[in-house]
Amino acid sequence: MISDVSNSTSGQSELELPCRIRNARIRLLRMHYESGIGHIGGNLSCLDLLMTLHHEVLQHEDTFVLSKGHAAGALYVTLWSRGKIGEDQLGSFHKDDTTLSGHPAPNRLPEIPFATGSLGHGLSLSVGIALGKAIQGLPGRVFCLMSDGEWQEGSNWEALIFAAHQQIAPLTILVDANGLQGFGSTGQVAGMEPLADRLCGFGVPVEEIDGHDPIAIRTACGHSASGTRIIIARTRKGCGVSFMENRMEWHYLPMTEEQYRQAVREVSDE
Amino acid sequence: MRNVLCQSLLSHAENPNLVFLTGDLGFQALEPLRDAMGRRFINAGVAEQNMVSVAAGLARTNMRPWVYSIAPFLYARPYEQIRNDVCMHGLPVTMVGNGGGYAYGVMGGTHHALEDYGALLCLSGLRAYIPAFAADVPPTIDQLMTSDRPAYLRLGRCELPKPALAPAYAPWRRLMAGGGPTILVVGPLVGGLWTALESMPDDCRPSLWILTELPIDESIIPTAFLDDLRASTHLFVIEEHVVQGGAGQMLALALASIGKMPSRFTHRCARGYPSGRYGSQSFHRKECGLDAESILSELGGLG
């Protein structure tokens with residue numbers, strides 16, 4: 001064990017967001033190293049988004065849906081950072097007898113309303129929650145984090161048409177646009193750029209931001225707009241680790257001990 | 001049964017938690033419900049995957065969603081949405097599939113639902129309801145309104161002969177007693193069969209049962225059914241569904257599990273399109289030996 005970032009909630013509460021994010025990044029690396037699993041690249045790309053959203057944007061009555069379920073580790077470590085998941089529970093990540101499986105499990109945590117992992121479900125689920133809030137006059141907004149490759153799933157376009165047409169509670173769709181997917185870049189597999197122009201064509205406002213800039217994330221997400229809107233967050237897969245950044249193989253590869261030590265050193269020195 | 005569905009749901013239309021989604025279907029049937037429910041009646045368009053997931057999201061906000069389409073469009077296209085979003089979370093979403101079996105007749109195979117309840121009953125916690133008569137629909141809907149689990153309601157066309165009256169609703173009902181084989185039917189096709197069997201002599205006339213809820217729980221199989229089975233030693237299951245995942249397989253397993261499997265077992269079911277030609281529901285039933293004449297012939301041949 002070369003790094004042990006504990007989550008003393010009282011201590012964390014005094015930390016600035018960048019420091020919390022750094023600690024979460026280090027803990028996330030440890031989770032994936034100890035579990036010997038991959039998907040670390042797409043978890044690191046959206047960690048700034050998740051941490052900023054959960055620490056500085058979401059209110060009690062808001063709902064968050066993780067559509068890119070393979071970023072479960074990043075969501076778990078974010079909830080740990082918020083004191084919603086304990087150290088022991090987080091330590092069980094991806095191990096036998098855990099509630100924290102590699103993709104979120106159903107009905108285990110109130111902060112995770114839906115099990116996800118098969119791409120193309122989270123947006124429709126989010127729209128359903130936003131519609132339910134609107135029909136019943138319930139307070140709160142809905143936030144949905146998607147990947148960019150996920151837009152290749154046709155169900156998302158059904159959901160976007162429906163969301164734009166219906167009167168629903170405020171829905172913010174965050175796209176973790178890291179440009180890489182399972183077996184190539186999004187441009188190589190099924191190019192959809194300029195993504196913003198395509199999404200705009202469905203009659204919803206679209207904004208592009210730096211997905212690693214907490215101030216930009218907070219500003220964009222904190223906007224109290226009604227209806228549906230999309231924020232394309234430009235990110236780097238494997239963000240914060242030099243040998244992972246923008247490299248497709250880190251969608252899958254587990255870390256060796258040497259790689260893990262280097263990754264933690266780099267993140268610690270940020 | 002669509003109009004009965006509409007009328008029955010109208011009696012619940014004031015329930016503020018009820019929300020009804022249709023996949024752009026219901027012309028000349030669901031207009032009264034649309035007018036009564038207002039904002040809570042949603043035409044979700046030709047997008048069944050989204051419709052089912054939206055229903056799951058609505059259920060997460062404590063609403064009670066009903067989702068409606070032609071049966072095959074409802075269970076096959078959005079199967080993963082039903083599996084992951086509804087059933088894995090145990091949400092009380094009711095999926096109404098109109099036109100079970102060959103009900104859409106010469107419209108063609110894309111509109112037939114031959115493996116619907118078998119496919120859906122593989123999913124966690126889901127219960128399937130297959131009303132046999134129009135009179136079964138209101139009590140089924142009342143029951144579904146208080147259910148806290150996923151459900152599939154397979155609608156067909158009521159084929160109950162005019163003079164006869166449907167017996168009060170129950171999942172298992174004996175329609176006719178007799179000294180012949182024990183026949184169990186799933187779905188509306190029992191209507192025509194009931195009339196035909198009544199003309200048989202008492203000593204060889206079968207006892208006729210209807211089953212309207214699946215899966216089969218061996219602990220609630222009626223004693224009277226088991227008594228009929230023991231007396232006849234011959235079970236004959238008839239359903240407008242393929243053999244795989246059908247009531248025949250379920251009942252055989254259930255009976256074998258409790259040591260009550262009779263010595264003879266006959267199963268008549270949907271067999272796709274044996275001739276490669278298309279026609280009315282009656283045409284397809286005849287091709288599969290599901291029509292009353294074929295059943296009577298089978299019974300005669302059995303002696």
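This section describes the helices, sheets, chain contact and backbone features of a predicted model.

Residues are numbered from 1 along each chain as its sequence is written, and chains are lettered from A, with ligands numbered from 1, in the order in which they are written. Because the model is predicted, local features are reported only at pLDDT of at least 70 and side-chain atom pairs only at pLDDT 80 or more, whereas totals for chains, interfaces and linings use all residues. Helices (H or I, at least four residues) and strands (E, at least two) are DSSP runs, numbered from the N terminus.

In the sheet of chain A, 5 strands are arranged in the order E1-E2-E3-E7-E6, forming an open sheet with parallel pairing; two strands are taken to pair if DSSP finds at least two bridges between them. Strand E1 (63-66) and strand E6 (206-210) of chain A are the edge strands, and each has a single partner strand, so one side of each is left without a neighbour in the sheet. Direction ignored, neighbouring strands of this sheet are turned by 20 degrees against each other on average, where axes are lines fitted to C-alpha atoms, for helices over the stretch in contact, and angles run from 0 to 180 degrees between N-to-C directions. E1(A) runs parallel to strand E2 (residues 142-147) of chain A, to which it is joined by 4 bridges, and Val65(A) stands opposite Cys144(A) in E2(A).

The residues of the contact of H3(A) with H4(A) divide into 6 nonpolar, 5 polar and no charged.

Helix H2 (residues 17-35) of chain A has 19 residues, which at 1.5 Å a residue should span 27 Å, and its end C-alpha atoms are 26 Å apart, which agrees; the expected span is 1.5 Å times one less than the number of residues. Of the 19 residues of H2(A), 14 are buried, so this helix is largely enclosed by the rest of the structure. Here a residue is buried if 20 or more other C-beta atoms lie within 10 Å of its own, exposed if 12 or fewer, and partly exposed in between, with C-beta atoms placed from the backbone. Just after H2(A), Gly36(A) takes a positive phi of about 65 degrees.

In chain B, strand E8 (residues 182-186) has 5 of its 5 residues buried, so it is largely enclosed by the rest of the structure. Thr182(B), Leu184(B) and Val186(B) lie on one side of E8(B) and Ile183(B) and Val185(B) on the other, and both faces are covered. E8(B) runs parallel to strand E9 (residues 207-211) of chain B, the two being joined by 5 bridges, and Ile183(B) has Leu208(B) as its bridge partner in E9(B).

Most residues other than glycine have a negative phi, and most peptide bonds are trans. His94(A), although not a glycine, has a positive phi of about 65 degrees; His94(A) lies in the loop between helix H5 (87-91) and H6 of chain A and is partly exposed, with 18 other C-beta atoms within 10 Å. A cis peptide bond, with omega of about 0 degrees, joins Glu193(A) and Pro194(A), and Pro194(A) is found in the loop between helix H8 (186-190) and helix H9 (195-200) of chain A.

Note on methods. Ala, Val, Leu, Ile, Met, Phe, Trp, Tyr, Cys and Pro count as nonpolar, Asp, Glu, Lys and Arg as charged, and the others, Gly among them, as polar.
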